[in-house]
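Please keep the sequence and the model in view while reading.

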Amino acid sequence: MTVDTGLVSSRLLELQTIDQRIRETREQVESFDATIAAVDEPVRRLADEVEVTSNRVRELRLEERRLRLAAEGKRERVQRLEERLNMVRTIREEAAVQAELGLVRRALDQEELDVVSLLDQIGRFEDRLEIQREGLEEAQSAVGPRKSEILAEQEGARAQLASLETERELCATGLDQRYLMVYDNLARGGRRDAVAPMTADGACGSCFSLIPLQVQNEIRTSAPLVRCEACGVIVTAPMEAPEDASPETAIGG
Ligand SMILES: [Zn+2]
């Protein structure tokens with residue numbers, strides 16, 4: 001069986017390069033989140049303030065309605081007591097009705113005062129809300145363009161990530177599955193170098209430990225799945241030196 005050892009080597013290295021770029025692009029996409037959060041910080045703070053104030057206004061409005069209903073009830077009670085006062089027969093009965101009437105009227109007066117002071121408070125909170133909303137709108141329009149700019153950049157990075165992932169899939173499809181499995185395991189373990197071509201003088205391309213001669217020959221001729229005994233990377237056949245440069249042969253000891 002003949003094996004194109006150069007092809008296995010270049011495919012694995014290509015895969016590693018793509019994975020490296022995927023990692024970098026993914027980090028880039030994520031870093032935009034932090035940038036957006038930082039740019040958005042003043043807006044978020046103002047939005048929180050607006051929310052707190054409008055909640056307060058809502059609570060005060062509810063309280064106002066509750067007080068108004070209570071006052072309404074007391075006014076009806078006052079009216080009924082006044083009607084009853086016209087129908088009392090004894091002084092004692094009249095005194096009792098008068099006493100109750102007095103109590104209800106005082107309570108009613110108090111509630112009406114409370115409504116007035118609530119309205120006053122509501123007015124102040126609504127003024128504050130208005131100012132806060134204006135501030136929020138200003139901050140939003142100040143931050144808006146910068147934010148859309150970053151979002152667009154992030155979108156660009158996402159698109160790039162998607163196309164890299166497609167590229168990786170294509171590259172992986174062309175690879176011997178045994179290599180792919182070992183490679184993926186190494187890469188998943190967080191290794192930056194999962195594969196390295198053997199150097200021209202027979203050392204691991206990652207840690208430069210010398211590889212036994214017999215294994216060197218196998219690597220050159222049949223591309224067995226060999227892992228460096230020292231550092232664990234997959235060692236593939238040396239890369240064909242490009243016509244001009246020969247970076248592989250430059251390294252050595
Ligand atoms: Zn090694």
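The points below cover confidence, the metal site, the sheet and selected residues.

This is a predicted model, in which local features need pLDDT of at least 70 and side-chain atom pairs count only at pLDDT 80 or more, while totals for chains, interfaces and linings use all residues. Residues are numbered from 1 along each chain as its sequence is written, and side-chain values use heavy atoms, with hydrogens and water left out. Helices (H or I, at least four residues) and strands (E, at least two) are DSSP runs, numbered from the N terminus.

**Confidence**

- The protein chain has an average pLDDT of 90, and 93% of its residues score at least 70; pLDDT is the predictor's confidence in each residue, from 0 to 100.
- Among the elements of the chain, the highest mean pLDDT, 96, belongs to helix α2 (residues 91-173), and the lowest, 46, to helix α5 (residues 247-250).
- The pLDDT is below 50 over residues 244-253, a stretch with nine contacts in the model beyond near neighbours in sequence; contact means heavy atoms within 4.5 Å.
- Where pLDDT is low, the predicted coordinates should not be read in detail.

**The zinc site**

- Four cysteines coordinate the zinc ion through their SG atoms at 2.3 Å: Cys204, Cys207, Cys228 and Cys231. Donors are N, O and S atoms within 2.8 Å of the metal (3.2 Å for Na, K and Ca); water is not among the atoms, so sites may look incomplete.
- The site is tetrahedral, with angles of 104 to 111° among the four donor atoms; four donors count as tetrahedral if all angles lie between 85 and 135 degrees.
- Along the chain, the donors follow the spacing C-x2-C-x20-C-x2-C.
- Distant parts of the chain are linked by Cys204, in the loop between β1 (195-197) and α4 (213-222), and Cys231, in the loop between β2 (226-227) and β3 (234-236), which are 27 residues apart.
- Cys204 counts as buried because its relative accessibility is 0%; buried means under 20% relative accessible area, exposed over 50%, and partly exposed in between (1.4 Å probe, protein chains only).
- Phe208 also lies in the loop between β1 and α4. Its phi is near 65°, a positive value in a residue other than glycine, and Phe208 is partly exposed, with a relative accessible area of 42%.

**The sheet**

- Three strands form an open sheet in the order β1-β3-β2, with mixed pairing; two strands pair if DSSP finds at least two bridges between them.
- β1 and β2 are the edge strands, each pairing on one side only.
- The pairing of β2 and β3 is antiparallel, over two bridges, and Val226 has Val235 in β3 as its bridge partner.

**Residues of helix α1**

- Thr25 is found in helix α1 (residues 5-85) and counts as buried because its relative accessibility is 4%.
- A polar atom of the Thr25 side chain lies 2.6 Å from the backbone oxygen of Arg21.
- Leaving aside neighbours within four places in sequence, Thr25 is in contact with Ala157, Gln160, Leu161 and Leu164.
- Asp40, in helix α1, is buried, with a relative accessible area of 15%. Apart from neighbours within four places in sequence, Asp40 contacts Val143 and Lys147.
- Arg84 lies in helix α1 and is partly exposed at 42% relative accessible area. Not counting residues up to four places away in sequence, Arg84 touches Val97 and Glu100.
- The C-alpha atoms of Arg84 and Val143 are separated by 68 Å, the two residues being 59 residues apart along the chain.

Definitions and conventions
Tetrahedral: all angles 85-135°; square planar, octahedral: opposite > 155°, others 65-115°. Polar contact = N/O pair within 3.5 Å; in protein donor to acceptor, adjacent residues only side chain to side chain.
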